[in-house]
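Look at the model shown below. This report describes a ligand site and then a sheet.

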Amino acid sequence: MSTTPTAPSVYNRANPFKARITANYALSGEGSTKDTRHIVVNLGDSGINYVPGDSLGVVPRNFPQTVDDLLPHLGLGPDTMLDQPTGPVPLRDALIHGFILNRVSKKFVKAVLERLPEGEKKKQLGEIVANEEAFEDYIFTRDYTDVLVEYPATFALGEFMPLINKIAPRLYSIASSPKAHPGEVHLTVAVVNYHTHGRVKYGIASGYLGHGQQLNVDDVPVYIQPTKHFHMPPPDAAMIMVGPGTGIAPFRAFLEDRMATGATGKNWLFFGDQKRASDFLYEAEFAEMQRKGVLTKFDLAFSRDQAEKIYVQNRMHENGAEFWKWLQDGAYFYICGDAKRMAKDVHQMLIQIAQEHGGLTPEAAKEYIEVTLAKTQKRYLKDVY
Ligand SMILES: Cc1cc2nc3c(=O)[nH]c(=O)nc-3n(C[C@H](O)[C@H](O)[C@H](O)COP(=O)(O)OP(=O)(O)OC[C@H]3O[C@@H](n4cnc5c(N)ncnc54)[C@H](O)[C@@H]3O)c2cc1C
Ligand SMILES: NC(=O)c1ccc[n+]([C@@H]2O[C@H](COP(=O)([O-])OP(=O)(O)OC[C@H]3O[C@@H](n4cnc5c(N)ncnc54)[C@H](OP(=O)(O)O)[C@@H]3O)[C@@H](O)[C@H]2O)c1
């Protein structure tokens, strides 16, 4: 690999650096069903280093409104203090910064059930809690306020606190090369948001990054999560990169890095998203990289621009002969994005291409992709989530 792994920093998950966001703009255009944003995080005087392929850990917080909606339902005033080992702290601040409030916990719903008086409501909630699937569905779209609106119940503070879960950091694949943007980390964040039970909800971290933090305030706790394996190849090696949706992030970093260093290896990018008009992330930047000859080949799959779905793996298939030749000539294959469906289907397409263009049996093709390419030669690298 061409990059040296990132050296450990004094800043880590347990001791994040308070960085500032200096830019935050929409990548999704008008008419998009998504809210995907470019976020620039300035690392200030932290001395934090990273390499393309690393991720940024972000410790999120709730929107103050989420807490302000909740406190009256708990029968608690905004001035309530919470005893902590370090001394009393305002409950409102502790809830905003410390606990997941955008989705209700099962233990809280069960505690509400216990407190309900006998009657129709208790029976109704009891049936939901007793049915695993119904219980999952119930909590999927609700936060604490939603539950208390439907099933009013009171809790002493000491009873409520153990029923909520502590905030944990979220990871985002870094979308920049430090050689192109010294002292900055760029992210490509798809903001999770949905409107349920009369109120808008956000994913805790994507909502915080996208809409919950003012620009230029040193207040965003971050740390680098160094990648173990998703490093760039030697400068003269070819790269094939498959990154639909937010999966594009590390490949913007890889290409920026290759442009900055003048690396000679060829680069082939597969990108896909819903609609070309509204979801072509970084279109102008990639056009410039093509013009400069850094992006050797660029294949696009916009899934919703026609009646039938076209995905990145369809483009790989259409280009199967050339794809196979690149692999045979030593190209490294990288994939980033959705693990549940996309990465599995792309994996199957790799095996199919090995059969169709390598003349391998199904078993030999599987062995080639999963063992030779992935494990022995370490030329199949994944950053999927
Ligand atoms: C290594 C790695 C790299 C990653 N890189 C990126 C990246 O570059 N860009 C990126 O955007 N993400 C990336 N992610 C994902 C990211 O870490 C978060 O998981 C993502 O932003 C969602 O987190 P959140 O805190 O905003 O949402 P959470 O608060 O965790 O909420 C998400 C939950 O909302 C629920 N939900 C979603 N839609 C609805 C709905 N309509 N109704 C009800 N509930 C719903 C889902 O069940 C989901 O569990 C990466 C993850 C990993 C592990
Ligand atoms: N594991 C996770 O929880 C997870 C992972 C990734 C993204 N997400 C969430 O999804 C939202 C948007 O994510 P995103 O912008 O990164 O990408 P995305 O919406 O998941 O997808 C980008 C593109 O991939 C296509 N696609 C869907 N299924 C595919 C498959 N099996 N093979 C190949 N391509 C496929 C989509 O097409 P169609 O939509 O038209 O089918 C779309 O064109 C965010 O809210 C994000 O948090 C969740």
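## Polar contacts of the ligand

A polar backbone atom of A190 lies 2.9 Å from an oxygen atom of ligand 1. A polar contact here is a pair of N or O atoms within 3.5 Å. The side chain of Y172 has an N or O atom 2.7 Å from an oxygen atom of ligand 1, and a backbone N or O atom of L171 is 2.7 Å from a ligand oxygen.

The model is predicted: local features need pLDDT of at least 70 and side-chain atom pairs count only at pLDDT 80 or more, while totals for chains, interfaces and linings use all residues. Residues are numbered from 1 along each chain as written, chains are lettered from A and ligands numbered from 1 in the order written, and side-chain values use heavy atoms, without hydrogens and water.

## The shell around the ligand

Ligand 1 is surrounded by 20 residues, each with a heavy atom within 4 Å of it. β6 gives the largest share, four residues; strands are DSSP runs (E, at least two residues), numbered from the N terminus. Domain 1 (17–61 + 168–225) and domain 2 (64–163) both contribute to the shell, so ligand 1 lies between them. The domain bounds come from an automatic or database assignment.

## A parallel sheet

Five strands form an open sheet in the order β13-β12-β11-β14-β15, with parallel pairing. Strands pair if DSSP finds at least two bridges between them. β13 (297–302) and β15 (380–384) are at the edges with a single partner strand each, so one side of each has no neighbour in the sheet.

Strand β14 (residues 332–337) is joined to β15 by five bridges. Y334 stands opposite L381 in β15.

Technical notes: A polar contact is a pair of N or O atoms within 3.5 Å; within protein, one must be able to donate a hydrogen and the other to accept it, and residues adjacent in sequence count only if both atoms are side-chain atoms.
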